[in-house]
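Hi there,

Here is the structure I promised to pass on to you.

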Amino acid sequence: MECTVDIVKSGNIVSAMLPFDAREAFQIPRGSIYAQCEIGGTAFQAKLIARGNNRHCILFNRALLKRLGIEGEARGVLLRIEPRAAGEAPPGEAPAVLENETLGVIAARRSIRAFTGGPVGDDALETILRAGFNAPSASAKRPLHFMVSRDRAKLLWLMERGPYAKMLKNAAFCIAVGGDRVIQGMPEWLLADCGAATQNMLLAITSLGLGGCWCGVRQGTDFYKAIEEAFSLPGHIRPMALLAVGVPAEEKAPNDLYDAARVHREVW
Ligand SMILES: Cc1cc2nc3c(=O)[nH]c(=O)nc-3n(C[C@H](O)[C@H](O)[C@H](O)COP(=O)(O)O)c2cc1C
């Protein structure tokens with residue numbers, strides 16, 4: 001079927017609302033809806049995202065917009081759309097890149113180092129921490145501790161001791177990610193567990209329309225010692241990362257870093 005859509009941008013997310021009830025039109029009463037789409041002669045596959053009121057939208061990442069030759073927004077675009085089984089590429093066609101909200105957030109996550117200085121509420125903070133705790137951990141040992149500060153003086157004090165943490169100046173808060181080396185005795189796993197939690201929180205931050213930057217914390221550095229001191233950390237907690245979080249004062253294009261030359265199928 002054919003319809004006309006507006007491709008619009010909201011924060012880092014570019015989407016087009018479908019002007020019809022896709023469940024009814026495609027006779028898919030429940031579950032995910034995948035569609036084969038075409039705009040201006042360019043075919044692509046999309047997972048439809050529910051938006052309430054029996055309405056669905058299509059998300060566009062940077063690579064897809066580039067393929068479609070669309071910069072920013074486009075109104076009154078002719079869309080051909082048919083239902084399609086998930087992951088099913090027509091014979092002879094390269095696998096399509098599937099789109100959904102989560103994949104959009106993963107691409108949209110960028111290191112934001114300029115903040116307005118505006119406030120970020122506790123709802124957002126708790127949501128971000130929850131995402132961190134939901135990360136995988138080796139042997140499900142969950143060695144995580146999160147140290148939060150909204151204290152401007154403390155943020156500036158930490159900033160002075162972190163050569164690559166200047167963005168703390170206007171951050172709304174910071175979250176230091178610490179690992180309990182007694183609970184997780186293997187240093188490699190401690191690092192991996194903290195990394196997974198840090199990335200989960202960065203994705204949550206992006207999904208909320210906020211900005212965040214991962215500040216590296218190397219053992220033995222002044223920054224490492226400053227975090228230990230700022231939060232009075234006990235000796236068995238090893239700070240691994242510090243997140244600066246705030247209202248973004250810069251906008252960055254989503255990542256599109258797929259590198260086919262670095263994908264090794266079956267053998268190197
Ligand atoms: C382990 C690690 C340590 C990092 N440390 C810092 C840091 O100290 N300061 C900083 O500004 N960015 C830091 N970054 C962010 C990287 O510079 C950033 O991810 C990279 O430039 C790619 O940009 P993007 O995040 O916008 O995709 C760190 C990232 C990682 C994964």
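This is a predicted model: local features need pLDDT of at least 70, side-chain atom pairs count only at pLDDT 80 or more; totals for chains, interfaces and linings use all residues.

Let's begin with the open sheet, which has 4 strands in the order 8-9-11-10, with antiparallel pairing. Strand 8 (144-149) and strand 10 (211-216) are at the edges; each has a single partner strand, so one side of each has no neighbour in the sheet. On average, neighbouring strands are turned by 25 degrees against each other, direction ignored. As a reminder, strands of a sheet pair through backbone hydrogen bonds. Strand 9 (residues 173-180) and strand 11 (residues 237-246) are joined by 8 bridges, and you can find Phe173 opposite Val245 in strand 11.

Now for the helices. Helix 4 (residues 122-133) lies across strand 8, strand 9 and strand 11, at about 160 degrees to strand 8. Helix 6 (residues 187-207) also packs on the sheet, where it touches strand 8, strand 9, strand 10 and strand 11. Its 21 residues reach 30 Å from the first C-alpha to the last, close to the 30 Å expected. The buried residues of helix 6 include Leu190, Ala197, Met201 and Ile205, and among the elements covering its buried residues are helix 3 (101-108) and helix 4. Just after helix 6, look for Gly209, which takes a positive phi of about 75 degrees.

Finally, which residues surround the ligand? They are Arg110, Ser111, Arg113, Tyr164, Cys213, Trp214, Cys215, Gly216 and Asn255. By class, this shell has 4 nonpolar, 3 polar and 2 charged residues.

Enjoy exploring!

Definitions and conventions:
Residues are numbered from 1 along each chain as its sequence is written. A residue is near a molecule or strand if its C-beta atom, placed from the backbone, lies within 6 Å of it. Ala, Val, Leu, Ile, Met, Phe, Trp, Tyr, Cys and Pro count as nonpolar, Asp, Glu, Lys and Arg as charged, and the others, Gly among them, as polar. Two strands pair if DSSP finds at least two bridges between them. Helices (H or I, at least four residues) and strands (E, at least two) are DSSP runs, numbered from the N terminus. Axes are lines fitted to C-alpha atoms, for helices over the stretch in contact, and angles run from 0 to 180 degrees between N-to-C directions. Two residues are in contact if their C-beta atoms, placed from the backbone, lie within 7 Å. The expected span of a helix is 1.5 Å times one less than its number of residues. A residue is buried if 20 or more other C-beta atoms lie within 10 Å of its own, exposed if 12 or fewer, and partly exposed in between; C-beta atoms are placed from the backbone.
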